[in-house]
Amino acid sequence: MEFLWSHGAVIQAGEFRHGPLEIVESGVPFLFLVPTDSSRVITQRALKFVEKWKGTAIVLDYADFAMGLHDDLAPFVMFVPLEWFCYYFSIVRDHNPDDRRYYGVVEY
């Protein structure tokens with residue numbers, strides 16, 4: 001969040017039906033990290049719900065980046081596209097990701 005200056009929450013796909021599905025509507029973005037392990041089915045279920053109810057879905061699918069690597073390496077492989085996402089998200093919002101409001105600027 002310190003680079004994006006935007007509100008957000010990390011939610012496991014299995015928890016999607018316990019509240020987050022209530023905020024799905026046009027203009028509300030959801031970023032999905034789709035795994036290739038056994039949780040893929042539940043993640044795709046949440047993604048389909050967002051698409052059905054006209055939410056905005058941004059999808060990063062590990063299958064597109066894995067190049068045959070083991071599922072356990074997903075956190076390392078997905079780091080790169082997530083970093084690029086964060087960078088361009090901040091630029092689109094006219095925020096230099098190197099600018100800090102408080103972090104390293106004022107005493108905490």
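Modeller: Start with the elements: helices (H or I, at least four residues) and strands (E, at least two) are DSSP runs, numbered from the N terminus. Residues are numbered from 1 along each chain as its sequence is written, and side-chain values use heavy atoms, without hydrogens and water.

Biologist: Which element gives the largest share of the lining of the largest pocket?

Modeller: A pocket is an open set of points on a 1 Å grid over the protein atoms alone, where a 1.4 Å probe fits, with protein on both sides within 12 Å along at least five of seven lines; lining residues have an atom within 4 Å of a point. Here α3 gives the largest share, six residues. β1 (29-34), α1 (40-52) and α3 (74-92) are the elements giving two or more. The lining has 34 residues, with G8, A9, V10, I11 and L31 nearest the pocket's centre.

Biologist: How does β1 pair with β2?

Modeller: Strands pair if DSSP finds at least two bridges between them. β1 and β2 (residues 56-61) are parallel, with six bridges. L31, one of the residues nearest the pocket's centre, has I58 of β2 as its bridge partner.

Biologist: Where is confidence lowest, and where highest?

Modeller: Low pLDDT means that predicted coordinates should not be read in detail. The protein averages 91, and 100% of the residues score at least 70. Confidence is lowest in α3, at a mean of 92, and highest in α1, at 97.

Notes. This is a predicted model: local features need pLDDT of at least 70, side-chain atom pairs count only at pLDDT 80 or more; totals for chains, interfaces and linings use all residues. pLDDT is the predictor's confidence in each residue, from 0 to 100.
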